[in-house]
Amino acid sequence: MDSFFRSEEMCLVQLFFQTESAHNCINELGHLGLVQFKDLNPGTVAFQRRFVKEVKKCEEMERILRFLENEVVKSNIPIPADFTSETIPVPRDVLDLESRFDKLEQELKEINSNRDTLRQNFTQLMEINHLLKVFDAFLFYLHDRFVAGVIKHERFPAFEKILWRLFHGNFVLRHAEIKPHEEENMADPVKKDVFVVFVQGDQIRGKIRKFHASMYPCPNNAYARKEMRTNVNTRIEDLRLVLKRTEEFRETTLTAAAANLQEWASKVKKMKAIYYTLNLCNIDITQKLIVAEIWCPVSDLNSVHTALIHGSEQSGSSLSPVVNRIQTQQTPPTFNRVNSFTSGFQSIIDAYGVGNYQEINPAPYTMVTFPFLFAVMFGDCGHGLVMTLLALWLILHQEHFRKLKNELIDMLVDGRYIIFLMGLFSIYTGLIYNDCFSKSFNVFGSSWSVRPMFHPHGPWTNDTLHDSGHLHLDPLVSGVYSGNPYPFGVDPIWNIASNKLSFLNSYKMKMSVIMGVAHMLFGVTLSLVNYIFFRNLKDVALQFIPEVIFMLSLFGYLIFLILYKWCVVMKSESAPSILLLFINMMLFDYSSEGTVLYRTQKPVQIFLVVVAVLMVPWLLFAKPLLLYRKHKQLKFLSLPFCLSLFFGVKKAFVSLQVSMADIFVYQGIHTIEYCLGCISNTASYLRLWALSLAHAELSEVLWKMVLQVALRVTSGMGSVLLAVTFAAFAVLTVTILLVMEGLSAFLHALRLHWVEFQNKFYKGSGYKFTPLSFNRMRDMQ
Amino acid sequence: MGSFALPMICFTTLWALVGPNRGVVITSLILTAVCCWLFWLIAILAQANPLFGPQLKNETIWYLRYFWE
């Protein structure tokens, strides 16, 4: 797994296939998933490529497959999920499948249209049936002129209004609602009404047609009507039978198709990928040879070779493909080999920017520091425990969750290991902050005790207690503070103290600064590793050393001040504020009184500030001046050897004019960014304090105002109230503290990594290695 | 200062016991150890020489006087 620290070494390889074995070989390479094909025809447009027709055919087949799948799903036929055939798609298969698909599509379309026509007929006959049934009830008025028909139920009021406007009441309209049978509901689910209009004049027919109502001729006398009814009934019976047969036939066809649907889909996908890849290669038709160029990791060359031999054996060709590694100046793609655990972390790094070729990969360090910084901001062992359990559930049931195919859940499942680690670290930091659902544990016994404050030892009496509501414990009175700090984490007495925040704020702010400077120093050290790997020792002296000295002399000294003030015993009245000390150091202001922590403070500070200021011009000018001198030397040396060095120097000469200004500007930007960045990034790490404070306060609010209220109720109803309140407490904890705070801390930890940590060493302007891989295509679907 | 040294030694050795040299897994364990030890160290140093003490309500003081040893 050494490759995880740095992206893998890649090589450019030329492959020569025979045309017959091309399909099989590319198929084998696709299953292997380790090679990326380079485009050897970059100038050609998509429709000029050699295999564009075949690709179009594959797309057409995919369309037909989608249509078939829709039909299958609509008829509620189950698609068998697993398919184990790994048959290799050959060009013959394309034609075969194509004709099959076309036939299937035609058949299905025909069946569908037939079924629709039959259903329409059926509906009409049923309507006539209903009409005849209710007609007898309407025959009060034996007018000659009448029109009978069926209209949609919701349009009936509008219809009536139009008739009123037309005939000014000179008509009789009767209607009845159709109560449909079940099978009619399936065929035609719209509610309809039967109506009869007795009226003079023919313009009624036009109006009815406009309402999309259907009219049926209805005979006048009862005998004719009865005959018509028997007629219609027989026709309905016949039609029912035909419809049933049609449906059965449709189902059999679809079931047969559904059985093969997955296999066909995967085959067509593979074919399309293979043709697409062939389009990228160089086809030499006269010699029946195909040339391809691939990027491949050096360590996998053997497996690629084996796969190719396997492929050519399968196609039955005699010659095995030739593998030829070539040297190139082009930048290879960046390949980081990941497994299911590390892929989550690698993807959050890649979201910011894919690393340069063989640049150091921040992912293995991010695997630990990201959950750790999240946990510093989350810091509650109860919530951490819930998060860990949730992540465990996701890990154990990941297949089940992936089947749901919901985007949000997919994102959660992809990050399950990240969430798991975040939960574990949160439990640890929660134990150190001594915060579990806003309560503290007292495992080792507090270092502070109250008894020594009372007489005869200390200043308090019982009256002191009665007089004031709040009292301060004084560490100067002996025995109050035991002299040994609480061995693991924050002392539990601070949880019940009313000046808890004074202590915690000071502690957490200093902790954030220490963590921040440590993280940034780690980042700068990684840049040293990069320089050494690329044998760039010049940059070590010109960039790394001034950067480190600058950071250490200012912020390393700040950390020293913090640690010194913590470790040395002093009276609280004479303890100087570190912030003021630091500001005065930068301003060279040593006038005020209590500004000394230790004896030699003034000269040491002056020395450090001067050193830091000197680093700025070193960083700004040393590298460009050196490069300038080197180019001038090159130009100078070239004069006697002008002929032999002509071409090489000409390039250097041209590049000299262009890039000198560039180098100065780039170096200037880098210096400003680094130096100002040091200050702003250190301050940026204070978000570690801010978010952990917010989390602790929210947690305390939920306890004080939700759960404690229910726990203090003394009546009998208290238990019921407690159950209800606990439900509210749980819901609020999960939504506000876990989801909202969790997302917030996640985002801020991510930002700290992407900006403050990575801008010390990471360039991130490479391109990702995207191999031809059938597994990846299947997973993406 | 005696009982200060004991937890110091204890937890430092705990986190130092985590492994030797190569590979991503080992690196992760070492990095975890360093981070966790540093975090614990900051917590204990911040409380080692307090400049001020906790401010308690009088009811809390009454309870602590009789129930904490």
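Q: How much accessible surface does chain B have, and what share belongs to carbon and sulfur atoms?
A: About 3,900 Å² for chain B, with carbon and sulfur atoms holding 70% of that. Keep in mind that this is a predicted model.

Q: OK. What's chain B built from?
A: Three helices and one strand. Along the sequence, the pattern of chain B reads α-α-β-α.

Q: How many residues does chain B have, and what percentage count as buried?
A: Chain B has 69 residues, and 45% of them count as buried.

Q: Now the interface. How many residues of chain B are in contact with chain A?
A: 41 residues of chain B, and they touch 63 residues of chain A.

Q: What area is buried between chain B and chain A?
A: About 5,000 Å². Carbon and sulfur atoms give 73% of that area.

Q: Which residues in chain B lose the most area to chain A?
A: Phe39(B), Gln47(B) and Gln55(B). Together they make up 15% of what the chain B side buries.

Q: How many salt bridges and polar contacts cross over?
A: The rule finds zero salt bridges between chain B and chain A. For polar contact, it finds 20 residue pairs across that interface, with both residues at pLDDT 80 or more.

Q: Which elements of chain B give two or more residues to the side that touches chain A?
A: Helix H1 (2–16), helix H2 (23–46), strand S1 (55–57) and helix H3 (58–67) of chain B.

Q: Which one gives the largest share?
A: H2(B), with 16 residues.

Q: Let's move to chain A. Where is Lys565(A)?
A: In helix H17 of chain A, which covers residues 537–567.

Q: Buried or exposed?
A: Lys565(A) counts as buried, because its relative accessibility is 13% and the cut-off for buried is under 20%.

Q: What is it in contact with, leaving aside neighbours within four places in sequence?
A: In chain A, Lys565(A) is in contact with Met570(A), Ala575(A), Pro576(A), Ser577(A) and Ile578(A). In chain B, it is in contact with Leu51(B).

Q: Where does Lys405(A) lie?
A: In the loop between helix H12 (398–403) and helix H13 (407–414) of chain A. Lys405(A) counts as exposed, because its relative accessibility is 63% and exposed means over 50%.

Q: And what about the phi of Ser438(A)?
A: Ser438(A) has a positive phi too, about 70°, and is not a glycine. Ser438(A) is in the loop between helix H14 (416–433) and helix H15 (462–467) of chain A.

Q: Is that one buried or exposed?
A: Ser438(A) counts as buried, at 6% relative accessibility.

Q: Last one. Which parts of chain A does UniProt list as "transmembrane region"?
A: The unreviewed entry lists several spans, including residues 372–396 and 604–622 of chain A. Residues 372–396 of chain A are 92% helix and 0% strand, with end C-alpha atoms 23 Å apart. Residues 604–622 of chain A are 100% helix and 0% strand, and their end C-alpha atoms lie 26 Å apart.

Conventions
Residues numbered from 1 in each chain as written. Chains lettered and ligands numbered in written order. Predicted model: local features only at pLDDT ≥ 70, side-chain atom pairs only at ≥ 80, totals over all residues. Heavy atoms only, no water. UniProt positions renumbered as here; feature names shortened; annotations may be inferred. Helix = DSSP H or I, 4+ residues; strand = E, 2+ residues; numbered from the N terminus. Buried < 20%, exposed > 50% of the residue type's maximum accessible area, 1.4 Å probe, protein only. Areas by Shrake-Rupley, 256 points an atom, 1.4 Å probe, with all protein chains shown as cover. Contact = heavy atoms within 4.5 Å. Buried area = accessible area lost by both parts, 1.4 Å probe. Salt bridge = Lys/Arg side-chain N within 4 Å of Asp/Glu carboxyl O. Polar contact = N/O pair within 3.5 Å; in protein donor to acceptor, adjacent residues only side chain to side chain.
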